[in-house]
Every structure is written in C-alpha cells, then in structure tokens.
Amino acid sequence: MGFSHRRRLIKNVGLYAILCVYFTMSLIPFIWTFATSLKKPIDVIAAPLQIFFTPTLENYQAVLFNIYSGDSALAKVRADIPHAFMNSLIIAGGATLLALILGNFAAFALARFKLPEREYYAFFFLAFRFCPVFVFIIPTFLIYQQLRLYNTHIGLILIYQLIAVPLIVWVMRTFYESIPAEIFESGAVDGATRMQLLRHIALPLAAPGIATTAILALIACWNNFTFPLLLGARETQTVTLATITFIGYEEVAWGMMTAAAVVTILPELVLALIVQRYIVRGLTFGAVKG
Amino acid sequence: MSLALPRLGRIPRSKHAALGPEAREIRIGRLFMIPALVAPICLSFVFLAGVYVTLNNWRLTTGNLGFVGLSNYAKVLSDPKFWHSALLTLKFTALDISTEVVLATLMALALNEALRGVRVFRSLLILPLMTPPVVGALVWKVLFRSGTGGFFNFVLWKAGLPSQGFLGTPDQALYSLVAIDIWLNMPFIATILLAGLQTIPQEPLDAARIDGANSWQMFWRVKLPMLVPFFIVALFFRVIDSLNVFDTIYGTTTGGPGDTTRVLSINGYENAFPFYNLSFGLTVFMMLWVICMVTGYLLYRRVKQTQAA
C-alpha cells in the first residue's frame with residue numbers, strides 16, 4: 001500500500017507541475033495586458049521592462065471616457081471606445097436576438113418533428129460553418145453598396161446571421177432534444193396544438209437553454225472581426241476593430257490598446273464563465289454535448 | 001455516445017402522406033423551418049453572386065470592367081504568389097493542428113484526473129478561447145515586442161540568452177503565429193477531448209486494470225480508441241478554422257515580413273481590398289473554399305463512419 005500511495009503522490013505532484021506550467025503560460029497574456037493597461041506611456045516603453053511601476057488610470061480615462069490627458073503625442077492615435085462599445089452591443093445583441101427569433105422554431109422542429117429530410121436541413125446549416133467567410137463578404141460588400149446597407153447597423157446585423165443562425169439552430173436543438181418526449185405526448189393527449197406545445201411546455205422548459213445559447217451566440221458575434229472590418233466604417237466600428245486602431249503608422253499606443261482590450265474581453269469572460277458548462281456545445285454546434 | 005452530427009440518407013416517401021396526423025406534423029415542421037432557412041438561402045444567392053464576380057473583372061474603384069470568363073482562375077493558378085500562399089497555409093495548418101492535438105490530449109488527460117482544484121483549472125482553460133482572436137493577437141504582439149522592454153525578450157535577457165525578433169523576423173514569424181494560434185485554440189480541442197473522456201464508462205478501465213494494464217497501455221488500448229470520434233469532431237472544426245486563419249495574422253504581421261506569413265486569406269484580402277482587385281481576390285477565396293470543402297467533406301465522412309460503428 002505504501003508503495004502505491006507514494007506513486008500516487010509523485011504522479012499528482014507531476015500533474016500539478018504540468019498544469020501550473022501550462023496555466024502560467026496561458027494566463028500571462030491576460031495578466032500582462034492588464035498590467036500594461038495600468039502603465040504610463042513612459043513606463044510601457046521602458047527598457048529593460050519594469051516589473052514595479054506606479055499604476056495610473058490614465059489609459060482607462062482615455063478609453064472609457066474619451067479623456068486624453070498629458071502631453072500625449074499618442075492622442076493622435078485614438079479611437080472612440082464608448083461609441084464602439086455601443087456599436088458592438090447593438091450589432092451583436094441585435095444579431096443574437098434576430099437569430100433567436102429566426103432559429104428557435106427550426107431548432108424545435110428539428111428536435112421534435114419527424115421530418116424525413118431533417119438531416120439535410122441540419123447539414124445545410126452546418127455547411128456555412130465551413131466556408132471561408134470572405135466568399136460571402138466580398139459579394140455582400142458589392143450588394144450592400146447598392147442597397148445602401150454598407151456601414152449600417154442593420155446591414156451588419158443581417159450578415160451576422162451567417163454565424164448566428166446555424167449556431168442557434170444546432171445548439172437549441174440539443175436543448176429541445178434533452179426535454180423528455182413524454183411531456184409533449186401528455187400535452188398532445190390533452191389536445192394542445194403544436195403552437196401551444198411550443199409556447200406553454202417547450203419554451204418554459206427550454207428557457208435556460210435559450211439563455212445559454214443566446215450568450216454563446218453573443219460571444220461569437222462580439223468576437224467577429226472581418227464583418228465590421230469590411231462591411232462597416234467609422235460609424236459602425238465595433239470594439240474588436242477599435243482596439244486595433246491604436247496601432248498607428250508611427251506609434252503604437254500600447255497602454256490605451258491594452259486598456260481597450262481589457263474593456264473588450266472582460267464582459268465576455270464573465271459571460272463565458274456563467275455558461276462554461278455548455279461551452280463545448282456552443283463551439284461544436286452541439287456535435288459534442290459535453 | 002454523445003455525438004450528434006447528422007446522418008444523410010434517402011428520404012422515405014409516404015404514399016398516403018396527405019391523410020394522417022404525421023403528415024400534419026411534417027407540414028407544420030416545414031413551416032417552422034422557414035424563418036431559419038431565410039438567411040442561409042439568401043447567403044446561397046450571395047455565394048452565386050460571388051461566383052459571378054469571379055467571372056468578371058470587378059474593381060473596387062471603377063466597378064465592373066466586363067466579363068472575362070475563367071481568366072481570373074487561370075491567373076490565380078499561374079500566380080507563384082498564390083502557390084506560395086497555398087503551401088504556407090497548409091504548413092501553418094499542419095504545424096498548428098499537430099501541436100494542438102498533442103498538447104490538448106495531454107491537457108485533457110491531466111484535467112480528467114481527480115485532483116483537488118481541477119475545476120478551477122478547467123474554468124481557466126476556456127479563457128483564451130473566449131478572447132476575440134484579433135485582440136488575442138494584439139496582446140501577444142505586446143509580449144513579443146523587441147528589445148528588453150518586451151516580455152519574452154526580457155525573460156531571455158535575464159536568462160543570458162540572445163534576444164529574438166519573433167514576429168519581426170522572416171524565419172520566426174510563422175512559428176510565432178503558430179504559438180499565438182495554439183494559445184488561442186488548443187483549449188478548443190482539449191475541452192472536447194475532456195468531454196469525451198468523461199463519457200468513457202468505468203467498466204472497461206477496471207477490466208483493463210485487473211488484467212494488469214499500466215497507465216500507458218490503458219491510454220493507448222482503451223481510452224484512445226474510445227476518443228477517436230471526439231478527435232475527429234475537434235479536427236473537423238479546427239482544421240477548417242486554421243486553413244481560414246485571418247484575424248491573428250491581420251492583427252500582427254499582415255503577411256510580413258516579406259511574404260513569410262502571407263497565407264491564402266491574407267493574400268486574397270490584400271488583392272481584393274488594398275489592391276482594389278475584388279474579382280482576383282475573391283477567386284483566391286474560391287480556391288480556399290474548394291480546399292475547405294474537400295477537407296470538410298473527408299472529415300465529415302469519417303464522423304459518419306465512427307457514428308455508424
């Protein structure tokens with residue numbers, strides 16, 4: 001017994017060592033970003049780098065309230081982060097809401113109705129996940145300029161359906177499938193119509209699933225970069241896009257850029273931790289129900 | 001088995017479909033499908049419009065200069081820069097995915113152990129995955145900065161090692177980008193494999209242990225075969241994403257230095273927008289689309305095979 005106990009101990013110590021090394025590496029970028037966001041421009045470019053420095057909220061003032069203080073030659077490279085944050089909220093939020101309205105019925109139908117062709121639908125939705133987004137973006141760019149949808153919130157909300165609808169259909173479907181069939185059967189015996197089944201039985205039971213799916217879709221939309229890069233301009237600039245504008249031709253405003261990165265990532269990380277149990281489902285479109 | 005990719009087969013036709021309650025169900029079900037199908041159907045037309053664009057000479061500045069047939073395709077296929085980018089894309093994907101798979105397997109096995117505090121590690125695992133790739137890339141750009149003011153070069157300097165150029169040097173840029181992509185996406189594979197490990201029932205493991213199998217044998221003979229479907233699903237998504245890598249490169253090297261990180265998506269983007277040649281750029285993406293579809297189809301077939309087994 002003593003021998004196997006010792007082996008177990010060695011094994012566990014080894015495992016902890018591996019995990020600690022990996023997670024140190026994995027978290028350094030986050031910690032470093034946060035540290036840099038608290039530095040004055042002079043401390044950011046100090047070489048060799050300073051582990052200890054006097055923190056400042058200057059960068060956050062600039063990023064959150066558009067207050068650019070000091071001499072700042074860096075004030076040239078500025079982005080309107082509050083405006084971009086609102087844009088991200090409108091576009092990602094609007095796209096998620098629209099996709100929920102469009103996709104929820106289909107998810108229910110795919111999970112519950114014996115449609116003979118349902119696997120074809122499912123495959124059709126999945127196929128979009130495997131196309132380079134640019135094969136849609138370039139023609140959309142031309143179409144949007146004709147329809148005056150270029151650089152509008154509506155236009156971006158519409159193109160975001162490319163990623164949001166398939167995700168919602170696939171993931172919501174797995175939630176509807178996990179509701180026991182008997183509940184529907186008893187409802188059907190009591191003479192409820194399909195619409196009533198969906199409204200009074202399925203929707204309340206699926207509400208946590210809907211919330212989870214919505215968060216997953218919201219994160220996917222929030223993280224998107226190519227749509228607002230090519231189908232929008234200053235008026236519809238999102239936060240992911242605004243963060244990159246701190247890289248100017250002559251100078252990079254590292255402090256403000258990292259502060260913007262913190263503002264972009266933080267709300268997501270909080271949401272992600274709430275739904276982390278279902279994250280696998282969201283990432284694999286329900287292919288793995290982990 | 002908790003894998004649920006669709007199986008395609010023949011659609012059975014019912015002779016008296018119009019009569020029974022099943023037919024009503026089918027009709028209502030199809031009605032329910034309509035709203036969700038609007039977006040993909042519109043996008044299918046957008047794709048066809050894209051095919052039309054590649055058959056014309058469409059410029060960002062001057063509009064359509066006329067029909068040119070397949071000459072864009074001929075130009076792309078005879079362009080050495082295209083082939084350079086195509087090979088680079090495959091090299092990036094191969095390096096990226098192979099390293100990710102190995103690391104992710106180790107990580108999933110470690111996180112599946114009953115260790116104290118393992119839940120905290122599991123939560124931390126997904127953090128890079130939730131970061132927007134372009135922001136993640138910018139963050140790494142800060143870490144990779146040259147001179148002793150950059151984090152990695154500071155560490156090297158402290159250790160008495162020569163400083164490195166990382167993203168700024170031709171022979172290191174691609175590997176630095178692979179490192180960034182591994183940081184961002186390895187957790188994706190690890191999370192799926194971890195979910196897979198948790199579905200493995202205890203009995204075969206116990207049986208193997210009684211038969212005197214050691215941990216190494218248990219992994220290769222028992223766990224790994226049961227994980228195969230999860231590996232394939234993970235690859236299914238990751239390979240395609242890696243072939244399409246854009247955000248991380250746009251945020252850091254934009255293809256440079258020289259052409260050393262100019263993968264297909266950057267090549268196509270630059271032709272279409274900064275160089276105003278929408279048709280040529282889109283043709284490059286059509287080639288990438290073919291590569292993705294072939295890869296996707298092959299992996300999809302494997303998924304179905306593992307499901308049938």
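Colleague: Hi! How far apart are the end C-alpha atoms of helix α6 of chain A, and what should the helix span?

Modeller: Hi! Bear in mind that this is a predicted model. The end C-alpha atoms of helix α6 (residues 134-147) of chain A are 19 Å apart. With 14 residues at 1.5 Å a residue, the helix should span 20 Å, so the two values agree.

Colleague: Nice. Where does α6(A) bend?

Modeller: At Thr140(A), by about 25°.

Colleague: And is α6(A) largely enclosed or largely open?

Modeller: Largely enclosed by the rest of the structure, because 10 of its 14 residues are buried.

Colleague: Which residues in α6(A) are buried?

Modeller: Among them are Phe134(A), Val135(A), Phe136(A), Ile137(A) and Ile138(A). Thr140(A), where the helix bends, is also one of the buried residues.

Colleague: What follows α6(A)?

Modeller: Arg148(A) does, and its phi is positive, near 55°.

Colleague: Switching topic: how many residues of chain B are in contact with chain A?

Modeller: There are 83 from chain B, in contact with 82 residues of chain A. On chain B, helix α1 (residues 21-54) gives the most to that side, with 19 residues.

Colleague: What is that side of chain B made of, by class?

Modeller: The side of chain B that touches chain A has 62 nonpolar, 15 polar and 6 charged residues.

Colleague: Last one: how is chain B divided into domains?

Modeller: Domain 1 of chain B covers 21-54, and domain 2 covers 71-308. Taken over C-alpha atoms, the centres of these domains of chain B are separated by 32 Å.

How values were computed: Residues are numbered from 1 along each chain as its sequence is written. Chains are lettered from A and ligands numbered from 1 in the order in which they are written. This is a predicted model: local features need pLDDT of at least 70, side-chain atom pairs count only at pLDDT 80 or more; totals for chains, interfaces and linings use all residues. Two residues are in contact if their C-beta atoms, placed from the backbone, lie within 7 Å. Helices (H or I, at least four residues) and strands (E, at least two) are DSSP runs, numbered from the N terminus. Ala, Val, Leu, Ile, Met, Phe, Trp, Tyr, Cys and Pro count as nonpolar, Asp, Glu, Lys and Arg as charged, and the others, Gly among them, as polar. The expected span of a helix is 1.5 Å times one less than its number of residues. The bend at a residue is the angle between axes fitted to the seven residues ending there and the seven starting there. A residue is buried if 20 or more other C-beta atoms lie within 10 Å of its own, exposed if 12 or fewer, and partly exposed in between; C-beta atoms are placed from the backbone. Domain bounds come from an automatic or database domain assignment.
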